[in-house]
Amino acid sequence: MAIVISCVNLKGGVGKTTLAVNMAAYFGSTGKKTLLIDLDPQTNATFSCLDVDVWENHAANHGTVADLLGARQHANANAKIKSVAEVVKTGVFKNVDLVCSHLDLFTVDLDMSGATARETRLRKSLHAVDKDYDVIICDCPPNLTIPTQNALAASSFFVVPISADFLSALGIGILLRRIKQLGEDLDQQLKLAGIVISRVGRPAYHRDEILNQLRKTFTGDVLTQTITERVRVAEAAAKHNSVFGTQDQVAINEFTEVCKEISKRIGLTK
């Protein structure tokens, strides 16, 4: 069965999508069959893999994650929830498939306000394909609304990317407590696979103090390797490529080390 990992944070701009996309590309490059699920209505992970025209065509003809959650039943004559096999976009990277996001997720909480078992729609959908993948990675929006709840309800592990700024660090304790409570409510055992310090190099007050405090407070949970903010990483995403397709060897090494450590923490490698 696939190992399901969610990338979560209550704050945007912390490198969450960059980590999710490149983690998927890494696992795919090592021969692991990987599924990337974009649950953020901003669709950044989707557009890191596909151009807009391809996305529009795929969404119209095959569907998106909004269909898996049942948020688009109003748009279908038969009101039928699609399957993962129907909506998946295959081969976005080597050994990596994608479930695209959709703007409909911006209103999904309103659309599904009266739906039963709305937090477990994704988990039920994945039952049909969990033997087809080694790893499933969920890129979540910066909140704990229905899309994130569905991702966590389907996951065994979660990763928290943060940037070295005060507001990003401040919310970690709150996030961990809320995820623990959500896991208990949904009877889902969720394990923290690591806190990844990302976007190093951006201007931030008291960066060194913040990093030292994070490592002291969350001893053992903060990964050793950090990820530096680099232009080539952003350029790769704009060209629908992963960092591993660039010539930036330093960036490649950083993401490789982060992914190797996460792989060990989730029991995928020794």
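1. Contact, as used throughout this note, means heavy atoms within 4.5 Å. The model is a predicted one, in which local features need pLDDT of at least 70 and side-chain atom pairs count only at pLDDT 80 or more, whereas totals for chains, interfaces and linings use all residues. Residues are numbered from 1 along each chain as its sequence is written, and side-chain values use heavy atoms, with hydrogens and water left out.

2. Ala71 sits in the loop between α4 (65–69) and α5 (84–87), where helices (H or I, at least four residues) and strands (E, at least two) are DSSP runs numbered from the N terminus. With a relative accessibility of 2%, Ala71 is buried, a term that means under 20% relative accessible area, while exposed means over 50% and partly exposed lies in between (1.4 Å probe, protein chains only). If residues up to four places away in sequence are not counted, Ala71 touches Ala66, Val108, Asp111 and Met112. The C-alpha atoms of Ala71 and Leu105 are 7.5 Å apart, although 34 residues separate the two along the chain.

3. The sheet comes next. Strands of a sheet pair through backbone hydrogen bonds, either parallel or antiparallel, and here two strands are said to pair if DSSP finds at least two bridges between them. This open sheet has 7 strands in the order β3-β4-β2-β5-β1-β6-β7, and its pairing is mixed. At the edges stand β3 and β7 (191–198), each of which pairs on one side only. On average, neighbouring strands of this sheet are turned by 25° against each other, direction ignored.

4. Strand β3 (residues 89–93) and strand β4 (residues 96–99) pair in the antiparallel sense over 2 bridges, with Phe93 opposite Val96 and Lys89 opposite Leu98. The hairpin of β3 and β4 has 2 residues between the strands, and in this hairpin Asn95 takes a positive phi near 65°. β2 and β4, in turn, run parallel and are joined by 4 bridges, with Leu36 opposite Leu98 in β4. In a regular strand the side chains alternate between the two faces of the sheet. In β4, Val96 and Leu98 point one way and Asp97 and Val99 the other way, and all of them are buried.

5. On another strand of the sheet, Ser6 is found in β1 (residues 3–7) and is buried, its relative accessible area being 0%. β1 pairs with strand β6 (residues 157–163) in the parallel sense over 3 bridges, and the bridge partner of Ser6 in β6 is Phe158. Leaving aside neighbours within four places in sequence, the residues in contact with Ser6 include Cys138, Cys140, Ala151, Leu152 and Phe158.

6. Helix α1 is related both to the sheet and to another helix. α1 lies across β1, β2 (34–38), β3, β4, β5 (135–139), β6 and β7, running at about 165° to β5. Axes are lines fitted to C-alpha atoms, for helices over the stretch in contact, and angles run from 0 to 180 degrees between N-to-C directions. The axes of α1 (residues 16–29) and α13 (residues 249–265) come within 10 Å and cross at roughly 75°. The two helices are therefore roughly perpendicular to each other, since angles of 65 to 115 degrees count as such, under 35 as roughly parallel, over 145 as roughly antiparallel and the rest as oblique. Among the residues that meet are Leu19, Met23 and Phe27 in α1 and Phe255, Val258 and Ile262 in α13.

7. Glu261 also belongs to α13. Not counting residues up to four places away in sequence, Glu261 touches Leu223, Thr224 and Gln225. The C-alpha atoms of Glu261 and Asp38 are separated by 23 Å, and the two residues are 223 residues apart along the chain.

8. Finally, helix α11 (residues 207–217) has Ile210, Leu211 and Leu214 as its buried residues. Seen down the axis of α11, these fall within an arc of 95°, so they line one face of the helix; the arc is that of the directions from the helix axis to the C-beta atoms. The face turned away from the buried side of α11 carries the exposed residues Asp208, Asn212 and Lys216.
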